[in-house]
Structure formats: structure tokens, C-alpha cells
Amino acid sequence: METKELMEKATRFHGHICPGLAIGVLAAKYVLEHGFNYSPNEEVVAVVENDNCSVDAIQSLLGVTYGKGNLIHQDYGKLNYYFYNRETEKAIKLSIKDKVFEDKKKSKHEKIKQLLDSKPEKVFNIYEIDFNPPSLAEIEDSIPCDICGEPTMNSRLMFYENSSMCIPCYKAQRK
Ligand SMILES: [Zn+2]
Ligand SMILES: [Zn+2]
């Protein structure tokens, strides 16, 4: 797919056009051209170290989504993106080059156009990395919280004063 089509598809999902989305489109474009396909299941897993607009391009274009569990957010505030292909055991890291944000005089639309006209290699440092992806999403039993009764994932239940309870109830008990 051309960059323009990828941007259109990402914009339909994200809701608006912005430079962050363009950055995510470029990352996805690079990955799609280097041994990765759209992931209907969990063939591809992405680890992202930010939660800005760019992540929506990655979700919509690569099929790595929060709900499927093959999109992992590490809250480090860094524009780093890691992609793992479970079928081929190929892994790529893209890390934004700091120069990309230098030109503060450009308008939003000029920035978007400039990004979309760029080769991903100009915007990112790109590395082949070892294949050590996060483990597959696990399906877990839910058990009702003793306080509110709402089903809660077993591993998230807290045990306090002889009751097992969800995290919000635990926090309320401790106040
Ligand atoms: Zn945006
Ligand atoms: Zn509860």
C-alpha cells in the first residue's frame, strides 16, 4: 500500500490527521515492507513506549490491538516501537531520530506532508533485534469480588482481612 492509502486508513480509525499519526504510518509502512503482514490474530506483537497518536496508526495498519493483547504499552514516554513476528521470529526496533522535531517553524500540515514524503530510514533509527517477544495473552478465570461482586481476573484479586477483593474495593477498604 502507498503511504497515502495507509494514512487514509489510519485516519479513519484515529479520527483526525496529525503529525503523530504520520509517524505511526511511517513506522507501520516500514514494518509491512520488511517481513510483516497485518495480524488478524497474534502473529505480530508490538511493544510501544508511548501512548500518543502514532500508536493508533500502528493498531489500525498492523492489527496489533489493545483488546487482542498483542499491543503492549510501556509507559516510558519514548518514541520507540518494537515489532515481533511470531511466525518468522523476525524482530525490528524503530526509534525516532531527535532531528525530526527540530523545525518548530513549520505548520502542522507542512510537518505531516514532510513526514509522509520521507523515507522511514530518515525518520527512525532502525535495528534488527533479538526475537524475545512478550508472552502470549493468557485467558484467565474471573472470580466475583467479595465486596462488590463484580467478576475480576483471578490474578488481579487482592486478599485483605479474610476477603478477596478487586483493586478498587481494596483501595476503598484501605482508606
Ligand atoms: Zn492525533
Ligand atoms: Zn470489588
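In which sense do E1 and strand E2 pair, and over how many bridges? They pair in the parallel sense, over three bridges. The legends below take you through this predicted model one close-up at a time.

**View 1. The five-stranded sheet and its order.** Welcome to the open sheet, whose five strands follow the order E2-E1-E3-E4-E5 with mixed pairing. E2 and strand E5 (124-128) stand at the edges with a single partner strand each, so one side of each has no neighbour in the sheet. On average, and ignoring direction, neighbouring strands are turned by 15° against each other. Two helices pack on this sheet: H2 touches E3, E4 and E5, and its direction makes about 155° with that of E4. H3 touches E1, E2 and E3, and its direction makes about 180° with that of E1.

**View 2. Strand E1 between its two partners.** Here we move in on E1, which spans residues 44-48 and is mostly covered, with four of its five residues buried. On one partner strand, E2 (residues 71-73), the pairing is parallel, and Ala46 stands opposite Leu71. With strand E3 (residues 80-85), E1 runs antiparallel, and five bridges join the two. Ala46 also has a bridge partner in E3, namely Phe83. A further pair to look for is Val47 with Tyr82 of E3.

**View 3. The crossover from E1 to E2.** Follow the chain here from E1 through helix H3 (residues 54-62) to E2: together they make a β-α-β unit, and it is right-handed. While you are here, recall that H3 packs on the sheet and touches both strands of the unit, E1 and E2, as well as E3.

View 4. E3 pairs with strand E4 (residues 90-96) in the antiparallel sense, over six bridges. Tyr82 is a handy landmark: its bridge partner in E4 is Lys93, and in E3 it is itself the partner of Val47. Four residues lie between the two strands of the hairpin, where Glu89 takes a positive phi near 60°.

**View 5. Two residues with positive phi.** Most residues other than glycine have a negative phi. Glu89 is not a glycine, yet its phi is positive, at about 60°. Glu89 sits in the loop between E3 and E4 and counts as exposed, because it has 11 C-beta neighbours inside 10 Å. Asn162 is not a glycine either, and its phi is also positive, at about 65°. Its place is the loop between strand E8 (158-160) and strand E9 (163-165). Asn162 has 6 C-beta neighbours inside 10 Å and therefore counts as exposed.

**View 6. Helix H2 alongside helix H4.** The axes of H2 (residues 19-32) and H4 (residues 108-117) come within 9 Å and cross at roughly 5°. That angle makes H2 roughly parallel to H4. From H2, look for Pro19, Ala22, Ile23 and Leu26; they meet Lys108, Lys111, Ile112, Leu115 and Leu116 of H4. Sorted by class, the residues of this contact are seven nonpolar, no polar and two charged.

**View 7. Helix H1 across helix H3.** What angle do the axes of H1 and H3 make where they cross? For helix H1 (residues 3-14) and H3, the crossing is at roughly 110°, with the axes coming within 9 Å. The two helices are therefore roughly perpendicular to each other. H1 brings Leu6, Lys9, Ala10, Phe13 and His14 to the contact, while H3 brings Asp56, Ala57, Gln59, Ser60 and Leu61. By class, five of the residues in this contact are nonpolar, three are polar and two are charged.

Definitions and conventions:
Residues are numbered from 1 along each chain as its sequence is written. Chains are lettered from A and ligands numbered from 1 in the order in which they are written. This is a predicted model: local features need pLDDT of at least 70, side-chain atom pairs count only at pLDDT 80 or more; totals for chains, interfaces and linings use all residues. Axes are lines fitted to C-alpha atoms, for helices over the stretch in contact, and angles run from 0 to 180 degrees between N-to-C directions. Angles under 35 degrees count as roughly parallel, over 145 as roughly antiparallel, 65 to 115 as roughly perpendicular and the rest as oblique. Two residues are in contact if their C-beta atoms, placed from the backbone, lie within 7 Å. Ala, Val, Leu, Ile, Met, Phe, Trp, Tyr, Cys and Pro count as nonpolar, Asp, Glu, Lys and Arg as charged, and the others, Gly among them, as polar. A residue is buried if 20 or more other C-beta atoms lie within 10 Å of its own, exposed if 12 or fewer, and partly exposed in between; C-beta atoms are placed from the backbone. Two strands pair if DSSP finds at least two bridges between them. A crossover is right-handed if, with the strands pointing away from the viewer, the path from the first strand over the helix to the second runs clockwise.
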